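I open my notebook and start with charged side chains. Then I move on to a loop contact and the surface.

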Amino acid sequence: YALFRERGWAMSLKAGVYAEAEDFAFFQVHVELTMAGKDHVNDVVALPYQYIRLMARHAVDAQRWRQEGHFADAEFRYQEKDGSSDFVTKMAEDMHVYPTADLLSWAFRYKDWGPAFLKDLLGRLVPSNMLLVVTKPEYKAKARAKRRDGRNKGEFAFQKEPIYGIL
């Protein structure tokens with residue numbers, strides 16, 4: 001993300017597992033582009049793949065894996081509480097996939113170190129497996145919203161700047 005910001009291409013970046021099931025998952029990278037970034041879509045798409053290749057060449061070792069596991073454990077212990085309906089929905093979905101004892105913590109658990117698994121996973125994160133979606137400028141507030149403030153009878157207008165994004 002720092003490189004995207006340094007080059008003036010992105011305002012935000014989110015990455016992680018999306019639409020996970022028992023035997024597959026999607027890895028999603030969402031980049032909110034700046035106006036300058038929209039002219040560098042191919043460069044923005046290429047950078048994460050360069051990083052993945054770097055990771056594959058310099059594989060994560062067992063010590064680093066354990067360290068990440070400790071971070072995940074701390075994240076689990078100090079996570080914010082979700083709304084109760086979201087929590088129940090997630091638990092109902094997960095009950096079909098994970099053992100009951102792991103329902104609360106499965107997403108934060110690092111299993112035993114497995115370099116073959118990691119190599120296989122990184123080998124699947126290639127451009128030929130990618131679904132690229134580039135959205136055109138959109139306005140979160142399509143019309144100017146005006147309202148009166150009861151105290152001073154002033155008018156206020158709200159208008160969003162265009163957003164460019166890559167999913």
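**Entry: aspartate 94.** I looked up how covered aspartate 94 is in this predicted model. Its relative accessibility is 6%. Buried means under 20%, so aspartate 94 counts as buried. I then checked for a partner. The side chain of aspartate 94 meets that of lysine 90 in a salt bridge, 3.2 Å from N to O. Lysine 90 has a relative accessible area of 37%, so I noted it as partly exposed. Where do aspartate 94 and lysine 90 lie? Both are in helix 4, which covers residues 84–94. They are four residues apart, about one turn of the helix.

**Entry: salt bridges.** How many salt bridges does the structure hold? I found four.

I turned to arginine 77 next. Its side chain forms a salt bridge with aspartate 73, at 3.4 Å from N to O. Both residues sit in helix 3, residues 62–77. Here too I wrote down a spacing of four residues, about one turn of the helix. Is arginine 77 buried or exposed? It is exposed, because its relative accessible area is 53% and the cut-off for exposed is over 50%. Aspartate 73 comes out at 35%, so it is partly exposed.

Then I checked aspartate 39. It pairs with lysine 38 in a salt bridge. The closest N and O atoms of the two are 3.5 Å apart. Aspartate 39 has a relative accessible area of 57%, so it is exposed. Lysine 38 has 33%, so it is partly exposed.

**Entry: threonine 34.** I moved to a loop. Threonine 34 lies between strand 2 and helix 2, the helix of residues 41–57. Its relative accessible area is 16%, so threonine 34 is buried.

**Entry: a nonpolar patch.** Which residues make the nonpolar patch? They are Tyr18, Phe24 and Phe26. I followed up on phenylalanine 24. It is found in the loop between strand 1 (10–18) and strand 2 (26–33). Its relative accessibility is 43%, so phenylalanine 24 counts as partly exposed. A patch residue needs over 30%, and phenylalanine 24 has 43%.

Methods
Residues numbered from 1 in each chain as written. Predicted model: local features only at pLDDT ≥ 70, side-chain atom pairs only at ≥ 80, totals over all residues. Heavy atoms only, no water. Patch = residues over 30% accessible without salt bridge, like charges linked within 9 Å, V, L, I, M, F, W, Y side chains within 5 Å. Areas by Shrake-Rupley, 256 points an atom, 1.4 Å probe, with all protein chains shown as cover. Helix = DSSP H or I, 4+ residues; strand = E, 2+ residues; numbered from the N terminus. Buried < 20%, exposed > 50% of the residue type's maximum accessible area, 1.4 Å probe, protein only.
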